[in-house]
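This report describes one chain for a reader who has not seen it before. The sequence and the structure come first, and the description follows.

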Amino acid sequence: MTEHRDGNSLAGALADIFAAEITSAQVQCRACGLATTLAQLLVYGPEPGYVGRCPGCAEHVLRVAKTPAGTWLDLGGSTSLLFSTMAPSPTGAASSARTGRVSS
Ligand SMILES: [Zn+2]
């Protein structure tokens with residue numbers, strides 16, 4: 001068994017991710033496997049919360065809801081988020097690609 005630390009050890013690695021421009025992050029739809037940027041999702045809301053749906057199959061990929069307790073982020077419709085280290089294209093649009101599923 002490997003040695004482990006508490007969740008505070010994630011702070012450095014996650015600080016770069018959550019300081020990044022989130023709409024350029026690539027998200028993969030759990031239902032159909034389409035990989036696209038958050039900016040390309042079909043978004044409904046804001047009440048009772050935002051729902052981002054896949055442009056390929058219309059299934060929900062993520063949900064964001066503000067409540068008195070805080071902001072909830074549900075990524076249950078996605079398999080992963082990729083925060084690319086590559087520069088965005090000149091048009092700001094990233095290409096979409098259908099990829100294989102990633103098990104989680
Ligand atoms: Zn989809």
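## Overall layout

Along the sequence, the order of elements is α-β-β-β-β-β-β-β-β. That gives one helix and eight strands, where helices (H or I, at least four residues) and strands (E, at least two) are DSSP runs numbered from the N terminus.

The model is predicted: local features need pLDDT of at least 70, side-chain atom pairs count only at pLDDT 80 or more, and totals for chains, interfaces and linings use all residues. Residues are numbered from 1 along each chain as its sequence is written.

## The four-stranded sheet

Four strands form an open sheet in the order E3-E4-E5-E6, with antiparallel pairing; two strands pair if DSSP finds at least two bridges between them. Strand E3 (42-44) and strand E6 (70-74) are the edge strands, each pairing on one side only.

Strand E4 (residues 50-53) is joined to E5 by four bridges, and the two run antiparallel. Val-51 lies opposite Arg-63 in E5.

Of the chain's 104 residues, 14% are buried (20 or more other C-beta atoms within 10 Å of the residue's own, with C-beta atoms placed from the backbone).

Terms used. A residue is buried if 20 or more other C-beta atoms lie within 10 Å of its own, exposed if 12 or fewer, and partly exposed in between; C-beta atoms are placed from the backbone.
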